[in-house]
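These are my notebook entries on one protein structure. I set down what I looked up, topic by topic.

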Amino acid sequence: MDTTRRAAPDAPVALTMGDAAGIGPEIIAEVFRRRPEWSARCVVIGDLAVMRRAVQVTGGALPIAVLDGPQQARDVPPRCIPLWPAVSLAALPPFGAVSAAAGRAAADAVILAAEAALRGEVAALVTAPLNKAALAAAGLDVPGHTELLQAVAARHLGCAPAQLPVRMMLSNDELRTVLVSIHVSLREAIEAVTAERVWETLRITHTHFTERLGWPRCRIAVAGLNPHAGEGGLFGREEIDAIAPAVERARAAGWCVSGPHPPDTVFMRARAGAFDVVIAMYHDQGLIPVKYLGLDRGVNTTLGLPFVRTSPDHGTAFDLAGQGRADPGSLIAALEAALSACGSAAARTGSAPTPAG
């Protein structure tokens, strides 16, 4: 039974600290230094000592408001980090090193944030980067955020993760792309191009834009898998046997969907304004064009979850951690996207924190 609750209009956005050995905590600190008005609109879920270290790394003089829960975020004054210290580490991990403890704490923060979203205590999730090796060292059998969030939401809904299909969208100011498959080998990705899976991707994408964001129409372009979109079967039959039937099914439902388009030109056309979003057949086909345009404003959004989740489009950057040089631009863009999505949903439908740090 679905017991997911709708968040209140003033519910904060949860921001998870990411891996404590990476750049996540310091770009979070820098976000509140650059965007002080967000102090009352967000709640950071993480470790107090980790966030104090991040403040020092990024220049100091940024107070931390310690909260008992997300509901106190609205009372946080500007130029403070609103922290719910619901996870803790026995010791600070060294910067740039894989740590099982850091991996476990980062995952716990994500799980707590997701559960808070499902209870309606937070309006959305924004997740700072995890480290896959640290997750594995902590004994977690998930490759990343997407699969972890899918598992938490499925457990809440009382179904298997496979019954809650999700998709990854990477976007920036110029291009949006949604992936049919994510973290699998190229051979497995080709095998995943089936009519049902392409249709499912179209359904999840259309639902996100028209129902969650409230767009009256979303122009979806579907990329082919093979060169020249198969050239009528000369270079492969996936376009004929799998992609075109899914496109026709979507068009029969009244959606604005076209394709399969040659994958070497469809992203250029979308960037020029012909389409709102491109469905890509596999990870690198869709992400190379977006990342080529720059990582500083890229946003990763998980479609299909019962709550909004965004993240920056980069990793933990262990080589930069602890130097105070990491660019928070992508995290700022992810927060802007989450706050905007919350505002779109809202249009359709305690005690003071303790200063610390």
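I count two residues as being in contact when they have heavy atoms within 4.5 Å of each other. I note at the outset that this is a predicted model, in which local features need pLDDT of at least 70 and side-chain atom pairs count only at pLDDT 80 or more, while totals for chains, interfaces and linings use all residues. Residues are numbered from 1 along each chain as its sequence is written, and side-chain values use heavy atoms, with hydrogens and water left out.

Entry 1: domains.
I looked up the domain assignment, whose bounds come from an automatic or database source. Domain 1 covers 1–164 + 305–342, and domain 2 covers 165–304. Taken over C-alpha atoms, the centres of the two domains are separated by 28 Å. Across the boundary, I find 26 residues of domain 1 in contact with 19 residues of domain 2.

Entry 2: helix α7.
Helices (H or I, at least four residues) and strands (E, at least two) are DSSP runs, numbered from the N terminus. The 18 residues should span 26 Å, and the end C-alpha atoms are 25 Å apart, which agrees.
For burial, I use relative accessible area: buried is under 20%, exposed is over 50%, and partly exposed is in between, with a 1.4 Å probe and protein chains only. The buried residues of α7 include Val198, Trp199, Leu202, Ile204 and Phe209. Glycine 214 follows the helix, and its phi is positive, near 80°.

Entry 3: histidine 208.
Which residues does histidine 208 touch, not counting those up to four places away in sequence? I find Met169, Leu213, Thr301 and Leu303. Histidine 208 itself belongs to α7, and it counts as buried because its relative accessibility is 9%.

Entry 4: helix α10.
In α10, residues 283–292, the buried residues are Gln285, Gly286, Leu287, Pro289 and Val290. These pack against β6 (167–171), β7 (176–179), β8 (220–223), α9 (266–271) and β10 (277–280). Just after α10, I note glycine 294 with a positive phi of about 125°.

Entry 5: the largest cavity.
A cavity is a set of points, on a 1 Å grid over the protein atoms alone, where a 1.4 Å probe fits but cannot get out; its lining residues have an atom within 4 Å of a point. The largest cavity holds about 50 Å³ of space. Its lining consists of Ala20, Gly22, Pro25, Glu26, Val50, Arg53, Ala54, Val57 and Phe95. Both α1 (24–34) and α2 (48–57) supply at least two lining residues, and α2 gives the most, with four.

Entry 6: backbone details.
Where is the cis peptide bond that has omega near 5°? I find it from glycine 259 to proline 260, and proline 260 is part of strand β9, residues 257–261.
I also looked up positive phi values in residues other than glycine. Histidine 228 has phi near 60° and lies in the loop between β8 and α8 (238–252). At 42% relative accessibility, histidine 228 counts as partly exposed. Alanine 317 has phi near 50° and lies in the loop between β12 (308–312) and α11 (329–348). Its relative accessibility is 23%, so alanine 317 counts as partly exposed.

Definitions and conventions. Expected span 1.5 Å × (residues − 1). 1 Å grid on protein atoms, 1.4 Å probe; cavity = no way out; pocket = protein on both sides within 12 Å on 5 of 7 lines; lining within 4 Å. Points joined across faces, edges and corners; volume = space filled by probe spheres on them.
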